[in-house]
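Let's take a walk through a protein together, one step at a time. Keep the picture open while you read, and look up each residue as we meet it.

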Amino acid sequence: QVQLVESGGGLVQPGGSLRLSCAASGGIFPVNDMGWYRQAPGKQRDLVATITRVGSTRYADSVKGRFTISRDNVKNTVYLQMNSLKPEDTAVYYCRGETWRNVYWGRGTPVTVSS
C-alpha cells in the first residue's frame, strides 16, 4: 500500500509563508492525481489544491494567487507553497494521493496562522 507523510507545518504570522511537503512511498502502482486538503477547527475537510501526474492544477477560490501546488514525480512528492497566509488558513493540512485503484491520505500537518 501507499503511505503518505506530510511535513512543513507550523506556526506563522499573517502574511508569512510555509511550504508543505508530502512524500509517497511503499506502493507498487504509480500515484496519479495528488492534492492538499485542509480541515479547520469545527469545520469539514475541504479541497485546497490538486495536481495531476502531468501537472494540471486546480485550486480552491480562497487560495488562488496565494498557494501553489507542485510535484516531483521522480521523488513521488507533492508540495504546497503557501504565501500571504491569513488566519483563516489555519487548519490541519492533509495530503491525498490516488492510484488507479485506491485513495490514500496522510496523517496531516497542522498550520496555525496567528499574530
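The paragraphs below go from a sheet to the core, and then to some single residues.

Before we start, please note that this is a predicted model, in which local features need pLDDT of at least 70 and side-chain atom pairs count only at pLDDT 80 or more, while totals for chains, interfaces and linings use all residues. Residues are numbered from 1 along each chain as its sequence is written, and side-chain values use heavy atoms, with hydrogens and water left out.

Let's begin with a sheet. Strands are DSSP runs of E with at least two residues, numbered from the N terminus. Strands of a sheet pair through backbone hydrogen bonds, either parallel or antiparallel. Here, 4 strands make up an open sheet with antiparallel pairing, in the order β1-β3-β8-β7. Its edge strands, β1 (3-7) and β7, each pair on one side only. On average, neighbouring strands in this sheet are turned by 15° against each other, with direction ignored; the axes behind such angles are lines fitted to C-alpha atoms, and angles run from 0 to 180 degrees between N-to-C directions.

Now look at how these strands are joined. Two strands count as paired if DSSP finds at least two bridges between them. Between β1 and β3 there are 5 bridges, in the antiparallel sense, and Leu4 stands opposite Ala24 in β3. β3 is also joined to β8 by 6 bridges, again antiparallel, with Ser21 opposite Tyr79 in β8.

Next, let's look inside. A residue is called buried under 20% relative accessible area, exposed over 50%, and partly exposed in between (1.4 Å probe, protein chains only). A nonpolar core is a set of buried Ala, Val, Leu, Ile, Met, Phe, Trp, Tyr and Cys residues joined through side-chain atoms within 4.5 Å. The largest such core has 29 residues, and Trp36, Leu80, Met82 and Tyr93 have the most contacts inside it. Elements giving two or more residues to this core include β4 (34-39), β5, β8 (77-82) and β9 (91-98). Which strand gives the most to the core? That is β3, with 4 residues.

Contact means heavy atoms within 4.5 Å. Leaving aside neighbours within four places in sequence, Leu80 is in contact with residues including Leu20, Trp36 and Tyr93. Leu20 is in strand β3, and counts as buried because its relative accessibility is 0%. Leu20 and Tyr94 are 74 residues apart in sequence, yet 9.8 Å apart in space, C-alpha to C-alpha.

The side chain of Arg38 has a polar contact of 2.9 Å with that of Asp89, and another of 2.9 Å with that of Tyr93.

On to the rings. A pair of aromatic rings is described by the distance of the centres and the angle of the planes. Rings of Phe, Tyr and Trp (its six-membered ring) pair if their centres lie within 6.5 Å; planes under 30 degrees apart count as stacked, over 60 as edge-to-face and the rest as tilted. A search of the whole structure finds 1 aromatic pair. Tyr37 and Trp105 form this edge-to-face pair, 5.0 Å centre to centre and with 70° between the planes. Tyr37 is in strand β4 and Trp105 in strand β10 (residues 103-105), 68 residues apart. Tyr37 is buried, at 14% relative accessible area, while Trp105 is partly exposed, at 37%.

Finally, visit two loops. Most residues other than glycine have a negative phi. Asn76, although not a glycine, has a positive phi of about 55°, and lies in the loop between β7 and β8. Ser84, also not a glycine, has a positive phi of about 50°, and is found in the loop between β8 and β9.

Definitions and conventions: A polar contact is a pair of N or O atoms within 3.5 Å; within protein, one must be able to donate a hydrogen and the other to accept it, and residues adjacent in sequence count only if both atoms are side-chain atoms.
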